[in-house]
Amino acid sequence: MAKRIGADIGGTFTDVVGFDEETGTLLHLKVLTTPREPWKGLMDGIERLGWSLDTVSIIVHASTLGTNTFLGQVGLEIPVAVLVTNKGFRDVLEIGRQNRPELYNLFFEKPRPLIPRSRRIGVSGRIGPKGEELEPLNPDEVRKVAREWCGKAKVFVISFLHSYLNPVHEEQAKKIIQEECPGAIVVTSYEVDPQPKEYERTSTAVVNGVLKPLLATYIERVVEELRVKGFQGKLLVMQSSGGVAGSEEATRYPAAFIESGPAAGAVAVAYFSRLMGINRALGFDMGGTTAKASTIVDGEPLIVPEYEVGGKVHMGRLLRGSGYPVRYPYIDLAEVSAGGGTIAWIDPGGALRVGPVSAGADPGPACYGRGGEEPTITDANYVLGRLPDELAGGRVKLRRDLAEKALRKLGDRLGMGLEELASSIIRIANTVMARALRLVSVERGYDPREFSMFAFGGAGPLHAAALAAEIGVKEVVVPPLPGVFSALGLLVTDYRHDLHKAVVKKADEASEEELEKVFQDLEKEAVSMLLSEGVRREDIRITRLLDMHYLGQAYELTVPYRGDIGEAVEAFHEKHEARYGYSLRGEPVVIVNARIVAIGAIPKPQLPRGEEKPHRPEPRRSRRVFFEETGWVDTPVYWRPELRPGAEIEGPAIIESDESTILVPPSHVARVDGFFSVRITRG
């Protein structure tokens, strides 16, 4: 078995890429997503590859199941869960932090807790801030809770104070509940997030708890469908941090896999930027439902230690305090509702708006002919001549009459002609997407003029050149297979496990021997996990890190640890000064957590390379395309699989392939490099 498959379920399309290690064959396709039963679209795509599944060794899967659960998708209702905590602390989820996402909104309401107050129960027992037992746990009270809710609740979540230092009470409570209610799922906070701050730790445990039965059911269904069709290999799942792990790990810690789909695209950009020697890259992924932006520096995507699920997003920026905190590493992404299926509409003030509502896969844009009647970004691009009459290798046939009908209906209300309205829709969408790109560059302290922008997703290469001009990036890179690039990213993603343990000691009171013991325990666990997933010992790489802050601070910075506490403290001072503009070298520094990142490298597909020989290729045909600068222009259309390294194309031009369309505007030049990427610059 030498075949691998990457499958990414998006809001509109499910993308599948297959790689045969023996022959080097790379197959790819897009099928429409089945939103209510996502495994059906997944299985359809895998079957259409034409491979017998008993020859496939690995399937890597990315899903939006976790995100969709908190967005209220039908069929993904939050299961009944009970929170067991210390007496007097049942309202920790309600109190939370004093983050106010909408500062001047007097009617703002915090997100409703995932577990209502009637199912949050306090019991006697207390562990102190140094891990000492101040009051023993009352087993009778825990037993009473288990008996009362057994059969009514699917999940019991246990979160006691300071369990990150001493989990004995959580262990005792878990054992009692499992004895009294054998069929229940029991989640403890020390197992999913063993670090300080009871609100964030409890929230992380609760999110894991409510997702666990949903993700377990989904993965069991996928595994069952695959086994019936002869699959005997490993099913891996993409994590939000940019690594993959076994399906068993996904069901143990489902909150680590919530943003798996968007992460795959960022990983693919990181891989290609390393191959191509591009040190600073922006990832721009525009699919059918949303557009995502990410930043890659020196071949690595930027990663943040915490995020919120189910929160509100304004122009790509997550509004802190509007969702449920989850403390797992995830790739720093900005996401906006500007995909191909995003709907254009008129607001109460009579202004043209685009998004956030999307037509999705069902019914889809009007031009799909599947019942959609609202004008979308895809309809606008099609009416302007920028799209062919078929998408996804002929599986989606477009109807111009339906696209024009939807746009005219809106245009008549605005007093706008067809071309003016379609161009306005594109311009508004580009403005929204440019804000997302600025969020991950300018607002992170980077100058976009120093970056190359990788454009992918089914719609990304259509809008990339205009976005590059708006934010000032130096070039656009459209990699091979842009329409299924995130699925390709699944095949170049290494195994990854992030583990940590609380230390909570002043740096001058901690010893290097003590830290060495903590790191060895973490590494032993990580290596065991990677070996069980089939990674060879020589392919495992481990990085040691410390979370540190000044005494009295509430938030940490993470620095490398190489066995010298003094060196780590100095690195913390330097990072604090770089981040905040000052350091307090005379103040005590606290080591909060010891952390490791364990990477298990996997073989990567050998992608085609070629020698660049400058030439001017011949177009296949031409069609009329509308550009704001020039109006309608008879534009040459090239077939991308025919383009060889060294090909040079002057805009305006269209470059088509089965899974995506590239727009080269006037005054731009496209060149094909040795990696078969199309690189677009202003002429």
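## Briefing on selected strands, helices and residues

His-668 touches Ala-465, Ile-649, Glu-650, Gly-651, Ile-680, Thr-681, Arg-682 and Gly-683, leaving aside residues up to four places away in sequence, where contact means heavy atoms within 4.5 Å. This is a predicted model, in which local features need pLDDT of at least 70 and side-chain atom pairs count only at pLDDT 80 or more, while totals for chains, interfaces and linings use all residues. Residues are numbered from 1 along each chain as its sequence is written, and side-chain values use heavy atoms, with hydrogens and water left out.

**His-668**

- His-668 belongs to strand β38 (residues 668-672); helices (H or I, at least four residues) and strands (E, at least two) are DSSP runs numbered from the N terminus.
- Because its relative accessibility is 8%, His-668 counts as buried, a class that means under 20% relative accessible area, with exposed meaning over 50% and partly exposed lying in between (1.4 Å probe, protein chains only).
- Between the C-alpha atoms of His-668 and Ser-532, which are 136 residues apart along the chain, the separation is 51 Å.

- Strand β2 (residues 13-20) is mostly covered, as eight of its eight residues are buried.
- In a regular strand the side chains alternate between the two faces of the sheet.
- Both faces of β2 are covered, with Phe-13, Asp-15, Val-17 and Phe-19 buried on one side and Thr-14, Val-16, Gly-18 and Asp-20 buried on the other.
- Strand β1 (residues 3-9) runs antiparallel to β2 and is joined to it by seven bridges, and Ile-9 stands opposite Thr-14 in β2; two strands pair if DSSP finds at least two bridges between them.
- Seven bridges also join β2 to strand β3 (residues 26-32), again in the antiparallel sense, and the bridge partner of Phe-13 in β3 is Leu-32.
- The hairpin of β2 and β3 has five residues between the strands, and in this hairpin Gly-24 takes a positive phi near 75 degrees.
- Strand β4 (residues 56-62) is largely enclosed by the rest of the structure, because seven of its seven residues are buried.
- Six bridges link β1 and β4 in the parallel sense, with Ala-7 standing opposite His-61 in β4.
- β4 also pairs with strand β11 (residues 234-238), in the parallel sense and over four bridges, and in β11 the bridge partner of Ile-59 is Leu-235.

- An open sheet of four strands has the order β6-β5-β9-β10, and its pairing is parallel.
- The edge strands of this sheet are β6 (120-123) and β10 (185-188), each of which pairs on one side only.
- From one strand to the next the twist averages 20 degrees, where axes are lines fitted to C-alpha atoms, for helices over the stretch in contact, and angles run from 0 to 180 degrees between N-to-C directions.
- Helix α4 (residues 139-149) packs on the sheet, where it touches β5 (81-86), β6 and β9, and its direction makes about 155 degrees with that of β6.
- Strand β9 (residues 155-159) runs parallel to β10 and is joined to it by four bridges, with Ile-158 opposite Thr-188 in β10.
- Helix α5 (residues 168-180) lies across β5, β9 and β10, and runs at about 160 degrees to β9.

**The mixed four-stranded sheet**

- Another open sheet of four strands has the order β33-β34-β36-β37, with mixed pairing.
- Its edge strands are β33 (621-627) and β37 (661-664), and each pairs on one side only.
- Neighbouring strands of this sheet are turned by 30 degrees against each other on average, with direction ignored.
- Strand β34 (residues 631-639) pairs with strand β36 (residues 653-656) in the parallel sense over three bridges, and Val-637 stands opposite Ile-654 in β36.

**Two helix residues**

- Ser-423, in helix α12 (residues 418-439), counts as buried because its relative accessibility is 5%.
- Apart from residues up to four places away in sequence, Ser-423 touches Leu-384, Phe-626 and Glu-628.
- Tyr-580, in helix α16 (residues 565-580), counts as partly exposed because its relative accessibility is 47%.
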